[in-house]
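Please open the model in your viewer and keep the sequence panel beside it, so that each selection can be made by residue number. The tour goes from stop to stop, saying what to select and what is there.

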Amino acid sequence: MTIRLPHGTYTPRSEPAAFTAGGPPLASRTVFSAAHVVADPYADVSPDAPAAVDWDATLAFRRHLWSHGLGVAEAMDTAQRGMGLDWAGAAELIRRSAAEAKAVGGRIAAGAGTDQLSGPADLAAVRAAYEEQLALVEETGAQPVLMASRALAAAARSADDYLTVYGHLLRQAGEPVILHWLGPMFDPALEGYWGSSDLDAATDTFLKAIAEHPDKVDGVKVSLLDAEREADLRRRLPDGVRCYTGDDFHYPELIAGDEHGFSHALLGVFDPLGPVAAEAVRVLDTGDTAGFRALLDPTVALSRHLFQAPTRFYKTGVVLLAWLAGHQDHFAMVGGLQSARSLPHLARAYELADGLGLFPDPRLAEARMKSLLTVYGVDQ
């Protein structure tokens, strides 16, 4: 059996890789998957209308991740925050997912940002918006992730403005939070975050914000796609403050670590890679770094493909793979972002994922991919 792709024919594998749910809790690393949301394909909404979410399928996907032992990072950019999912939708998502986490004993963190603001805002408004979202996350019992803010990037005039806003938020946080530094490759509006486009200067400000309140920072989530910079940053963190890699290009080496330490993980690519990522960390728990790398290194080609520029559209490939894997019944996204990647890009994502054995039912994935190709005019 073959499938005709835009760049040639491909013979799908006949059996999936064996990644079963269950097993002991992950021990040596704390691992979060930033999970996507499932759109309601029957809702009659325009791309710029509030998101219509299929709550049953969205929560079922989170139960899938928890069943493999992963934590869920909720309402992050993988869930299309600022790209189709507004604050009202994100707030409902956080409430529902936090309640589901309590019901099944799953670990959950959730993003607190400022995306309820519309138009220009001063620093006081930015701080108030953060406070509103932080309060909601804390109410649900989820661990807060203080997300990078487009509004703060626009309003801040110096590094001190960042230190003032974050210092205020950290002082009032009830429990230690995760600080999220998202680079402009993920969101161009975040250029110059922490007060400078010079990443060395920005890193110094970031570390100063942490050093002033180390008891209120559980860890930092860094998404700059620069492994050397992340390794240097984690060596400079105060004792007890973790580094959660958000580097979807270099995660195996960063999680494995070196003689100076290692990174935990909060990754969008662990949405499609959840089962293999959990299996790999359990191998690492035994001290078998080579076995860990043998499982995870082959996934990097898929991740680099999904996150290729423009990186912010990686969610399209993530949702495609969820559909092909049978986690949802359709390939539709909030905001119509299923159209954000080309057919050749989607076909290559299918080919790489199938080669890794990521689809529980390869025949279902093949049939669904053929249906998509046919719609695009690639006869099978």
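**Before you start**

This is a predicted model, in which local features need pLDDT of at least 70 and side-chain atom pairs count only at pLDDT 80 or more, while totals for chains, interfaces and linings use all residues. Residues are numbered from 1 along each chain as its sequence is written, and side-chain values use heavy atoms, with hydrogens and water left out.

**Stop 1: helices α5 and α6**

Select residues 159–172, which form helix α5, and then residues 199–211, which form helix α6; helices here are DSSP runs of H or I with at least four residues, strands are runs of E with at least two, and both are numbered from the N terminus. The two helices pack at an angle of about 25°, with their axes 10 Å apart, where an axis is a line fitted to C-alpha atoms, for helices over the stretch in contact, and angles run from 0 to 180 degrees between N-to-C directions. Are α5 and α6 roughly parallel or roughly antiparallel? They are therefore roughly parallel to each other, since angles under 35 degrees count as roughly parallel, over 145 as roughly antiparallel, 65 to 115 as roughly perpendicular and the rest as oblique.

Now show the side chains of Ala159, Leu163 and Leu170 in α5, which meet Thr205, Lys208 and Ala209 in α6; contact means heavy atoms within 4.5 Å. The residues of this contact divide into four nonpolar, one polar and one charged, with Ala, Val, Leu, Ile, Met, Phe, Trp, Tyr, Cys and Pro counted as nonpolar, Asp, Glu, Lys and Arg as charged, and the others, Gly among them, as polar.

**Stop 2: from α6 to α7**

In α6, Leu199, Asp200, Thr203, Asp204, Phe206 and Leu207 make the contact, and in α7 the partners are Arg229, Leu233 and Arg236. By class, the contact of α6 with α7 has four nonpolar, one polar and four charged residues.

**Stop 3: helices α9 and α10**

Next select residues 274–285 for helix α9 and residues 289–296 for helix α10, whose axes come within 7 Å and cross at roughly 170°. These helices are therefore roughly antiparallel to each other. From α9 the contact includes Val276, Ala280 and Leu284, and from α10 it includes Phe292, Leu295 and Leu296. Its residues comprise nine nonpolar, two polar and one charged.

**Stop 4: the largest pocket**

Select Arg81, Gly82, Asp115, Arg150 and Asp187, which are the closest to the centre of the largest pocket among the 23 residues that line it. On a 1 Å grid over the protein atoms alone, a pocket is an open set of points with protein on both sides within 12 Å along at least five of seven lines, a cavity is a set of points where a 1.4 Å probe fits but cannot get out, and lining residues have an atom within 4 Å of a point. About 390 Å³ of space lies in this pocket, and its lining has nine nonpolar, seven polar and seven charged residues. A volume is the space filled by probe spheres set on the points, with grid points joined across faces, edges and corners.

**Stop 5: the second largest pocket**

The second largest pocket has a volume of about 270 Å³. To find its centre, select Pro275, His327, Leu358, Phe359 and Pro360, the closest of its 19 lining residues. Which element gives the most to this lining? It is α12, with three residues. The lining divides into 14 nonpolar, four polar and one charged.

**Stop 6: the cavity**

The count comes to one cavity of 30 Å³ or more, and the largest cavity has a volume of about 40 Å³. Among its 13 lining residues, Asp77, Lys221, Asp248, Gly268 and Tyr314 are the closest to its centre. Strands β8 (217–223) and β10 (264–267) each supply at least two residues of the lining.

**Stop 7: two backbone details**

Most residues other than glycine have a negative phi, and most peptide bonds are trans. Ala75, in the loop between β4 (71–74) and α2 (87–104), has a positive phi of about 55° although it is not a glycine. Finally, select Ala309 and Pro310, which are joined by a cis peptide bond with omega of about -5°; Pro310 lies in the loop between α11 (300–306) and α12.
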